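Have it open beside you as you read.

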Amino acid sequence: MYEASTEEMVLPIINGNNFELVDVEFIKEAGTYYLRIYIDKEGGITIDDCEIVSRALSDKLDEKDFIEESYILEVSSPGVGRPLKKDKDFARSIGEEVDVKLFKPIEKQKEFTGILESYTDADITVRLDENTVMTFNRKEIALVRLAFDF
């Protein structure tokens with residue numbers, strides 16, 4: 001509920017600065033509520049970019065005052081292992097290596113890594129190796145994110 005209203009407020013700020021809205025989440029961690037806005041742009045987000053969005057959004061949030069709980073506003077980059085949630089995330093990541101985590105195991109396995117080949121509203125298809133391609137129902141996926149090695 002808070003996420004959708006916040007998204008409506010932050011989109012004009014983000015679009016006006018040629019950024020991309022990756023995600024909005026309102027969560028409670030260790031007894032504290034956080035309103036997190038994840039933004040991105042070609043070449044990556046800087047601290048100054050986050051500050052621009054944070055200041056403008058903070059003013060709007062104070063004006064509307066629709067969130068009952070006290071919370072901390074955070075604006076940041078989605079980071080290296082960013083989750084893929086929206087169709088535009090999947091479209092941008094075709095051909096990239098992804099980690100897929102499922103709610104329930106398939107043949108005793110809940111985690112898969114492979115190349116994202118395609119997606120639809122209902123599923124995603126990942127090439128696990130030269131001979132193995134799997135299609136996962138999006139409703140059964142707990143998390144999909146770009147894979148990264150350290």
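1. Start with the hairpin: β1 and β2 make one, with two residues between them. In its turn, A30 has a positive phi of about 50 degrees. The two strands pair in the antiparallel sense over nine bridges. Two strands count as paired if DSSP finds at least two bridges between them. Strands here are DSSP runs of E with at least two residues, helices are runs of H or I with at least four, and both are numbered from the N terminus. Two of the pairs to look for are K28 with Y33 as its bridge partner in β2, and E20 opposite D40 in β2.

2. A quick word on where this comes from: it is a predicted model, in which local features need pLDDT of at least 70 and side-chain atom pairs count only at pLDDT 80 or more, while totals for chains, interfaces and linings use all residues. Residues are numbered from 1 along each chain as its sequence is written, and side-chain values use heavy atoms, with hydrogens and water left out.

3. Now the whole protein. Three helices and eight strands make up the secondary structure, and along the sequence they follow the pattern α-β-β-α-β-α-β-β-β-β-β. The C-alpha trace spans about 55 × 35 × 30 Å along its principal axes. Of the 150 residues, 34% are buried. Buried means under 20% relative accessible area, exposed means over 50%, and partly exposed is in between, using a 1.4 Å probe and protein chains only.

4. β1 is mostly covered, with seven of its 10 residues buried. E20 is itself buried, at a relative accessible area of 18%. Its side chain makes a polar contact with the side chain of R92 (2.8 Å). A polar contact is a pair of N or O atoms within 3.5 Å; within protein, one must be able to donate a hydrogen and the other to accept it, and residues adjacent in sequence count only if both atoms are side-chain atoms. Leaving aside neighbours within four places in sequence, E20 is in contact (heavy atoms within 4.5 Å) with residues including I14, Y38, D40, R82 and R92.

5. Which residues touch the most other members of the largest nonpolar core? They are V10, I14, L35, I37, I39, V53 and L57, out of 19 residues. A nonpolar core is a set of buried Ala, Val, Leu, Ile, Met, Phe, Trp, Tyr and Cys residues joined through side-chain atoms within 4.5 Å. The elements giving two or more residues to this core are α1 (2–16), β1 (20–29), β2 (32–40) and α2 (47–64). α1 gives the most, with five. Beyond its neighbours within four places in sequence, V10 is in contact with L21, I37, V53 and L57. Apart from this core lies another, of 14 residues, among them L102, V126, F136 and I141.

6. Five strands form an open, antiparallel sheet in the order β7-β6-β5-β4-β8. β7 (132–137) and β8 (141–146) are at the edges with a single partner strand each, so one side of each has no neighbour in the sheet. Neighbouring strands are turned by 40 degrees against each other on average, direction ignored. Within this sheet, β5 (residues 109–119) and β6 (residues 123–129) pair in the antiparallel sense over four bridges, and L116 stands opposite V126 in β6.

7. Last stop: K101, in strand β4 (residues 97–106). K101 is partly exposed, with a relative accessible area of 26%. Leaving aside neighbours within four places in sequence, K101 is in contact with K110, E111, I141, A142, L143 and R145.

Conventions: Axes are lines fitted to C-alpha atoms, for helices over the stretch in contact, and angles run from 0 to 180 degrees between N-to-C directions.
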